[in-house]
Amino acid sequence: VVAASAMLLARSPALPAGAPAGGGLSDERLEAAYTSGGTFVHSTALDAYLAEVLRQLQSANPELASLSLRIHCLTDDLPYSFVLGNGAAYVTTGLLARLDDQAQLSATLALTLAPWIRHDRDSLDAEGHRRLVRNFLPNLLLLTATAGFGAPALAKADAKARANSETQAQSASDAVAVDWIARAGYAPDAAALALTGLRDALLSEQRAGQTEFSDPELLKARSERLSRKSSEPAPIPTISTNDSAAQFARFSNHYALAQAAADLAKHPVSVLPILERTEKRQGETGYSAYLRAELTRRNIEGPPGVAAAIAAYEKCVTHTDAPAAAYRELGLLYRRSGELERARATLLKYLDRAPTADDAPIIRTYLDDLK
Amino acid sequence: MRTTSARGIAVVAILCAASSPVWSVTPSPPLTPQQLGFTSGSREDLLARCKKVALLPLDRPALPGLDPEASARLEAATRSALGDLGMTFISTDSYTRAVERFSRAVGGVYDPYLGTQRRNAYQSVLANALRDFVSQEAPDCLATLEVALRTANWRGNHAYWDFVEESVYGEVQSAAAAFFFGSRNESGTIGALSLRLQISNPEGKLLYSRFGGVQLTTYLNKHAGKGESDFLGVARTKWLQDDKRLGRALTAATVPLRYTPEQISAGWGKDQVIDVTLVPLTSLPVPPAGGQFERPAALQMPREELLKSLHRVALGPLLLNGFTPPTEYASHVTARVRERLAPLNWDIVDAPSLNSAFEAALKSTGGLYDPNTGVLDKEKQRAVFASVTKSLGLTPPPDAILVMALAHTRAEQRSGNARWDGTAQQALTFGNVVDGPHMLGGSADNTAGEGFVDASSFEVILRDSEGKVTYRARGGIELLQQLSIKTEIHYPRTEYKQQLATRAPSELFKDESRNAAAIDAALRELVLSPAEIAAQDAAAREKPSKH
């Protein structure tokens, strides 16, 4: 046991030291891997928008101003934000889709950057190592005396101590983040609101992850701590122009609707909450009406269901930006309900809009039958 | 992929394993409808609704290379499992006919140039066939099966995935053997096969979806020798052959349909009809044997015969396949290939227009593959090659065409030492591979565990004038990703996690010796006789192992 424990100590990692900006080759390679990976969002407009949000946060806070930071977006169903040691920061489409406004996005970035600036991970690792060394002899004696059966209790105690340290470190970093948000001109409660909003959205979608921005339990505990911090009267926000609000809404709605479209087949319970959230913000669009009609069609139960689905698609095609597929589905529903003339006219509209679609030859066979 | 725990705690771990939940892997019982697989509505809703069910036919084969008959056996097992729940099945013949009709309407669902499925076209064919089928037959629900490649987590001697458990060695170890010989103090991931049962309403709204594990597709090789893989692969023809395992997979996939959440919670860890990890492996047939992953033979006909039949060979330009090597790389490759082939006394003629001529010939024939079946049309292939050979304008015409290409591949790494296509490279440092651990001057780093790293290779394909492949081989160039190991202490264990980062294109193809060795490896079996290869291998074994 002594030899084994000695090896454990010998194999402890060298603790990193120095500023976070000193990211090594590994971070550069990791950044290259994200950039060339399949989840990287290649959107110049989104990159420019995210960079501007980050710039506003940096310019208001001297601690951030001198750092070489850059930010990009990765595709992921769940909300997530992180920063590599070399200053490459990332948010996910799942995060953008579930935040309410730019203030919340900025707050989430601040919550991500603060522990990085403060070296929380390094400090926690160092503390863990100190705890290991401090408890080494007593633990060794206990393990030897109990022939190893004391190990579960030791592991439990260590996990508890580690969790306490992590909570303390996170609270301290969150306080820094709240200050940054206020200095950047946003309401300090934006951080708490962001986390509460993320939790509510995830719960309504019956979805959960295990990370700091996707686990409803972690979000609840952290937002409650943040609410206590930002309970003082909020200053009037100085950054909330119509432009930035519209820009944020454009990206957020886009990724939210993309999520709803993907969920139609694999996770249908989330579709309605997502549509309600986005339509509350931007009103009904051709695409959101199409997704709602698709959901209605998939819920058809007998003739009343068909009529409801027809009504949903008819409403959708009143929008000038309705997707071509809405005409196809509406035409096929007319055909199903025996309205053959309307079916023919609507399917022709589909072919007008999507003459080279993969299923165009099939639709033409339907039209032949309708002659 | 394998993660190695600190060897130092092995003693403590073995002492504690009996009493501690820390090292045991017990699936916790899922209780919410979502966790149980009910994506919309409840179990009661589904069972009340789905009386007359259409089980949509699986592709035959379900995955490329699988036994086509296995699809029918899977469907039969599914009918049996769902039939026990009181569901009856309606014929899907009209669906099959509709799929054929619509496939013809879209001009076939296979790409005539590549032979691959046109995914969007295929999906629209299936969607419309389903629409017709549902309007004619009016099923209550649709059931679909999918055979899926999965990743199993393993720890010690056992792998767990999709509610089942198997031995990582592909053999059944008795409890006594496990006690006396112990368990590996390691963990990782390994390839596995599962099936997924999905039930939806006739409009395609998903009601239920759940996986059930069938078998491992890879085993750990406990007798791995020097230079051998630590993994053994199970041939695809041996997948889905075990009806008992198919039955177990369907049991796992249908547990929430057969039992209430409360019954599942109460029976988890106690009752093997609810928790199928309790099914003793000794009650199942012995899993199919695994074998070493073997490279396909380079020579497609006897070497002597090939060499006798060839006198004049057209050499096309290097196909880059998305790589961006330095500008002079292609000319260096051509020069090296010519030099290596010189002993064969072939008349090698440069054919700079080979690739464009091939493209034009393909276009004029409309592709080599049947768009309805995806099968290669050999007559068309012959015609295309005859046309290409003619269009090169070489007199006399060449007997064969040699195509050179850069290829993306994956290298298996063990302790950081990556080996693929006749070469090796250290994945942590990009240095040479030297057998043996660090402290003895080797390059192996046990913290790196095992896994795969993206790599590049140089490939040559020799085709006769009718397009038939007579020689095809690869030589490994270099790794395209760097492996790094992140150390995490989870007291009292230390875990080493693998991270992979992609190399920038500007770093690649700069090592002259690696570039040359790749070409030599790719042409080796063409240029050297079997006796010369044996002598070369023997000489390499006598030298200190260094690549």
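User: In this predicted model, is B:Glu75 buried or exposed?

Analyst: The relative accessible area of B:Glu75 is 6%. The cut-off for buried is under 20%. B:Glu75 is therefore buried.

User: Which residue forms a salt bridge with B:Glu75?

Analyst: The closest N and O atoms of the pair are 2.8 Å apart. B:Glu75 sits in helix H4 of chain B, and its partner sits in the loop between strand E2 and H4, so the contact ties together parts 15 residues apart in sequence.

User: Which helix of chain B does the salt bridge from B:Arg524 reach, and where does B:Asp537 lie?

Analyst: The side chains of B:Arg524 and B:Asp537 meet at 2.3 Å, N to O. B:Arg524 lies in helix H14 (residues 512-527), so the pair ties together parts that are 13 residues apart in sequence. B:Arg524 is partly exposed at 23%, and B:Asp537 is partly exposed at 29%. B:Asp537 lies in helix H15 (residues 530-542).

User: What is the relative accessibility of A:Glu329, which pairs with A:Arg328?

Analyst: A:Arg328 and A:Glu329 form a salt bridge, with the closest N and O atoms 3.0 Å apart. A:Arg328 counts as buried at 16%. A:Glu329 counts as buried too, and its value is 4%.

User: Which residue of chain B is linked in the salt-bridge network with A:Arg328 and A:Glu329?

Analyst: The network includes A:Glu294, A:Arg297, A:Arg298 and A:Asp359. A:Arg328 and A:Glu329 belong to it as well.

User: How many salt bridges are found over all chains?

Analyst: The search covers the whole structure. The total is 50.

Terms used
Residues numbered from 1 in each chain as written. Chains lettered and ligands numbered in written order. Predicted model: local features only at pLDDT ≥ 70, side-chain atom pairs only at ≥ 80, totals over all residues. Heavy atoms only, no water. Salt bridge = Lys/Arg side-chain N within 4 Å of Asp/Glu carboxyl O. Buried < 20%, exposed > 50% of the residue type's maximum accessible area, 1.4 Å probe, protein only. Helix = DSSP H or I, 4+ residues; strand = E, 2+ residues; numbered from the N terminus.
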